[in-house]
Amino acid sequence: MTGAFTLSQAERERRLLPELTQLVAHHRAHCAPYARILDALGEVGPGFATVADLPWLPVRMFKTHELKSVPDDAVVKVLTSSGTTGDPSRIYLDRTGAAAQTRALAQTLQTVLGPRRLPMLVVDGRGVVADRRSYSARGAGALGMVNFGRDHVWLLDERDEPDVAALRAFLARHGDAPFLVFGFTFMVWRYLYEVARDHGLDLSNGVLVHSGGWKTLVDQAVDNAEFRRRFAEDTGLTSIHNFYGMVEQIGTVFLEGPSGDGLYCPDFADVIIRDPVSWAEAPVGTPGLIEVVSTLPTSYPGHVLLTEDLGVVNGVDDGHWPGKRFSVLGRLPRAEARGCSDTFAGATR
Amino acid sequence: MKLTARFPAGPPGTVDEVLAGVVAAAAGPARLGVGDPRIVDFLHGFSRRLLAPAVARRHPELGPLGFFLRRTETERQLTRLRAGLELDDALAFPRGLVFHVPPANVDTIFVYSWAVAALAGNANVVRISTRAAGVADIVLDALNESLADADPVVAQTQRMITYGHDDAITARLSAACDVRVVWGGDRSVTDVRRHPLAPAARDLTFPDRASFAVISVAGWLAADTAARRDAAERLANDVYWFDQAACASPRAIFLVGDPVAAGAVRAELVTLVGAAVRDKGWDVDAAMAVEKRVGAYGVAADGDASAVAFAGNAVATLRLTAPAAAPRRWLGAGTLPFATVDRLTDLIPVIQRKDQTLSHFGFDRAELVAFAHALGGRGIDRIVPLGAALSFAAIWDGYDLAREFCRLVTVDA
């Protein structure tokens, strides 16, 4: 079952390049600030020789500027990211864009979940999505995923303690057939892994989809390999898919292959690792900044974005699925102004 | 809540202990006077540590501070102060206790305002940010090392402390001081001002400022290669020390003169700045490189730059659509937005109250004085040669600091 992950690198680039080139022209025509950036950079276009030649925007531009390629009255949804510092990103979706991202996300996840909704265990508290007006990043992630499951059980109770009885009941009802588990990486480790291990619970029919980064786990010497190994040994859970994605490219998720050999790009997307000195594409095995490329963003110029995440391509067309497989290595530290300003700003944290 | 004693380095204490200590010493028999030799000696010893070759090589930005604190320089400031007092037939005494709230992250500005206040004989309490690091630590180490040779009154009257975001401590120090010195953004100033001062006390505030450079096209063309190279190197110092984030670092460069010739001047200047940065071995890391892209792309997105170019990560060049499009916000280290005007006076409508320093190259004094008169104090408090933007002066932001830290007494007999 390969679903959304079918294209070899050459075929992917052959298909993406004209579509993305078309998107550059589209956003240039409909988003004046984007056009001004490209004009100032001397990007002549309209043709580009490779996907890596396409002009990229720093992802943080969506925090500092209103960038959209549709008229105000066509906007049906504004997504905001609650970053840890400063202003949130604002992502504008029109009807077409909103539908496309939902469809693409479904297509991507069905590759590992199958066509039908599975019983779903959410490794979080129901409270994380209680306030419908403002979600945390965790809340937004959980809310996006709950559509892919049914008969939801939330692992954490009101006091944010694992509800072992509810987990046992869920497994008794659904544990004999495939079920979906979703959560943030550190929550999954802290609450699901430890509880399942300590109570000898069998998760072998689960399909775990998780995201959120390894920062807090690295402190406990748990990396992806260790995470997978311990889950398999202690709970029987082997179907594990980490994913990488961001609100600025909503609908596009880079999903870990079944054998854990890296994150893969769905057919409508790609990644380019850039050397932060030459800004050229880094060779396989050389870390750099992650640029994410997707044909989904039509209502805002988010089709080619330079993230502030560090990553590395581990191989091309040599893994479980075709295309590039890559790892996220961490986050670039934010440059700090050493200015005269803001004596107290930041002192509150 | 405990305070961390950074200078003199010591065990944590409370705000009441700190206040009791400095107030007693300031009133005691060994109390300081204006221009006290014990402070002059201490500052001189401290400056020698900052100017030691090992420190100067690693932290060239400490050089101007070192020079500012040398005996010859402090004596010169005191001579100027005394000359003014003589003219007024006034006696000068310390104001008492000065509470300094410097910005979180310019590593040396706190030393300047403290040093001038100490030179005027005041007891001082300086709040060092919890975020202060790097050069600030070097400075504090040098201060503590200098104590060994100093008169005990220095340690008794001068304190630098760190505490977290604690309104109670800020309030206590505000209520106790005679002068409060607040550096920082407009928001920080407003924030600190929530805490009342004693009725006779007052604030000296140094809020957000922006600065620019002006280069005469004719002056550049008349300069020889060595002078041009020197100018570029000076500009590089103004721009790259403190990552271009200091208030006095130029945020844009105005070329003044023939617009056709200006293009070639800009190109040569950018090349020479790039070479100077390479020679000094300065670099811009990946995080700063991204910051600069965000900054420069943002100016373009706003319609304020018609061209943006990157010479490696170190130098970003922007061609502004108009002089009035000059950015005042920080765009990352090594960002040079350019605009061209026919003559200096064309900048008058561009200059705002918050503009502080104008660094210049290729103008004569008469032109600059005429420009200052034309501005009429509506903006720009200091006009200095390229390379001197970050050299602190005893007259700063329109204040004569030494006098601000003195209380004047007149005797009419």
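Visitor: Over which residues of chain A does pLDDT stay under 50?
Guide: Residues 341-349 of chain A. The score is the predictor's confidence in each residue, from 0 to 100. For this stretch the model has 31 contacts beyond four places in sequence; a contact means C-beta atoms, placed from the backbone, within 7 Å. This is a predicted model: local features need pLDDT of at least 70, side-chain atom pairs count only at pLDDT 80 or more, and totals for chains, interfaces and linings use all residues. Residues are numbered from 1 along each chain as its sequence is written, with chains lettered from A and ligands numbered from 1 in the order in which they are written.

Visitor: What is the average pLDDT of chain A?
Guide: The average is 89, and 89% of the residues score at least 70.

Visitor: How many residues of chain A count as buried?
Guide: Buried residues are 45% of the 349 in chain A. The test is 20 or more other C-beta atoms within 10 Å of the residue's own, these atoms being placed from the backbone; 12 or fewer means exposed, and in between means partly exposed.

Visitor: Why are strands 12 and 13 of chain B called paired?
Guide: Pairing requires at least two bridges found by DSSP. Strand 12 (residues 315-320) and strand 13 (residues 335-341) of chain B have 4, so they pair. They run parallel. B:Ala316 has B:Thr335 as its bridge partner. Strands are DSSP runs (E, at least two residues), as helices are (H or I, at least four), numbered from the N terminus.

Visitor: What makes strands 11 and 15 of chain B edge strands?
Guide: The open sheet has 7 strands, ordered 11-12-13-10-9-14-15, with mixed pairing. Strand 11 (305-311) and strand 15 (382-385) of chain B each pair on one side only.

Definitions and conventions. Two residues are in contact if their C-beta atoms, placed from the backbone, lie within 7 Å.
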